[in-house]
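Dear colleague,

I am handing over a structure that will be new to you, and the notes that follow go through what was found in it. Please have it open while you read.

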Amino acid sequence: MLLEKIEYHSSVDQAEWDRLALSLGGSFFHCYAYATLETNRERGTIPIFVKAFAPNGECVGIAVCIVSSPRLWPFSRLCKTAVVGALPATKEGYSELEPAMMHVLEKNLRAQGVFQLEICSYESPNSVKVLPTVSDTRTDRVEFYLDLSLPMDDIWKTFKSTRRNDIRKAEKLGVESRCENTVEGVHQLYGFQTESLQRRGIQFDPLYVQAQRLQASILATQRARLFVSYRDGIAVNAGLFGLFGGRAYYLASGSSRDGYKCCGPAHLVWAAIQTLKSEGATTLNLGGVDGPIEQEPGKKSGLYNFKNDFGGKVIPQPKGLKTVSWCGAKLNSGLNLSREIVGARLF
């Protein structure tokens with residue numbers, strides 16, 4: 001399939017874009033709500049909606065790219081970074097069109113002052129084949145796909161005994177998990193994310209997206225579901241699931257210590273499976289974990305085991321990084337040094 005041209009838009013009509021994404025088999029990472037979510041994470045970020053056209057004028061591929069820029073010139077001109085959440089969604093899953101789109105997109109980003117492109121392959125079936133052709137480096141990563149088209153009893157049977165026992169334990173301890181697409185639920189999520197990451201020594205800013213914006217951009221528009229688990233009326237953990245085209249994706253989660261003790265996270269996923277299936281979702285991707293598809297038992301992380309024990313299909317979905325401007329990369333090194341000396345606020 002020949003690629004005639006590519007168009008780049010900083011804004012599009014939400015309904016029209018989502019219809020196009022749906023027709024091309026796009027995932028949550030191609031829809032309008034994803035672009036809104038990512039550009040609300042921090043200042044200085046803008047979305048780029050990418051359309052690829054065949055010679056007959058038909059749109060045969062789309063992608064969403066998020067560009068971030070420092071504050072001060074000339075860094076704001078030459079030290080931009082870009083992230084593609086998923087490889088392009090293309091007509092009939094045409095894999096050769098994906099690298100063609102990425103190469104043209106790279107040239108456009110370089111002209112805009114982007115020096116580094118991060119290429120993720122969330123929900124990207126051709127990632128193993130395409131990513132080596134469009135990135136300098138590759139990091140192994142896997143995702144865990146659950147088939148929600150199966151009867152509920154069969155889904156339950158695919159769980160490993162450890163996961164079924166966790167859910168039973170949570171129920172005996174009185175854990176209740178329910179969907180709460182509210183601003184209050186978002187605050188719960190941010191709080192549990194912060195607590196979970198801090199326990200692992202990772203600093204996390206819970207205000208990277210205002211709760212009201214998140215609720216309005218993807219929860220109120222039915223592009224996501226937020227679940228919160230309670231025990232004795234007290235929230236103990238929360239999880240956020242993106243939803244598009246009948247496919248759900250586990251986006252974010254967090255738990256208190258009490259939540260882990262009463263197996264709240266496992267119970268929350270089980271509640272989400274039942275709700276999402278009842279709403280017509282056919283697959284649930286439990287999200288990614290760094291590492292190869294087959295890991296030695298001693299090298300598997302707790303997160304890997306947690307997701308793997310739900311019995312889904314493990315699929316390689318690597319990520320890559322590419323330097324598109326060495327001049328910008330060197331200038332960015334100076335930027336990082338200035339940040340260490342002066343402080344990050346000015347930049």
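To begin with a question: are Asp309 and Arg163 buried or exposed? Asp309 is buried, and Arg163 is buried as well; please keep in mind throughout that this is a predicted model.

These two residues form a salt bridge with each other, in which the closest N and O atoms are 3.1 Å apart. Asp309 sits in the loop between α12 (302–308) and β14, whereas Arg163 belongs to helix α7, so the pair ties together parts that are 146 residues apart in sequence. The pair also belongs to a network, in which salt bridges that share partners join Lys160, Arg163, Asp166 and Asp309.

On the α7 side the contact is made by Arg163, Asp166, Ile167, Ala170 and Glu171, and on the α11 side by Ala266, His267 and Trp270. Sorted by class, the residues of this contact are four nonpolar, one polar and three charged.

The salt bridges of the structure number 15. One of them joins Glu58 to Lys91, with the closest N and O atoms 3.0 Å apart; since Glu58 lies in the loop between β2 (45–53) and β3 (59–68) and Lys91 in the loop between β5 (89–90) and α4 (97–111), this pair ties together parts that are 33 residues apart in sequence. Glu58 is partly exposed, with a relative accessible area of 31%, and Lys91 is likewise partly exposed, with a value of 27%. Another salt bridge is formed by the side chains of Arg178 and Glu180, at 3.0 Å from N to O; here Arg178 is partly exposed, with a relative accessible area of 38%, while Glu180 is buried, with 15%.

Turning to the strands, β3 is mostly covered, as nine of its 10 residues are buried. Strand β3 runs antiparallel to β2, to which nine bridges join it, and within this pairing Val50 has Ala63 of β3 as its bridge partner. In the hairpin of β2 and β3, five residues stand between the strands, and Gly57 takes a positive phi near 90°. Strand β3 is also joined by four bridges to strand β4 (residues 80–84), again antiparallel, with Ser68 partnered by Thr81 of β4. Two bridges join β3 to β5, and these strands run antiparallel too; in this case Ile62 stands opposite Ala89 of β5.

There is also an open sheet of seven strands, in the order β9-β10-β11-β12-β13-β8-β14, whose pairing is mixed. Its edge strands are β9 (175–179) and β14 (313–316), each of which pairs on one side only, and neighbouring strands of the sheet are turned by 30° against each other on average, with direction ignored. Within the sheet, strand β8 (residues 141–147) and strand β13 (residues 283–290) run antiparallel and are joined by six bridges, and Tyr145 has Asn285 of β13 as its bridge partner.

With best wishes

Methods:
Residues numbered from 1 in each chain as written. Predicted model: local features only at pLDDT ≥ 70, side-chain atom pairs only at ≥ 80, totals over all residues. Heavy atoms only, no water. Pairing = 2+ DSSP bridges. Axes fitted to C-alpha atoms, helices over the stretch in contact; angles between N-to-C directions. Contact = heavy atoms within 4.5 Å. Nonpolar A, V, L, I, M, F, W, Y, C, P; charged D, E, K, R; others polar. Salt bridge = Lys/Arg side-chain N within 4 Å of Asp/Glu carboxyl O. Buried < 20%, exposed > 50% of the residue type's maximum accessible area, 1.4 Å probe, protein only.
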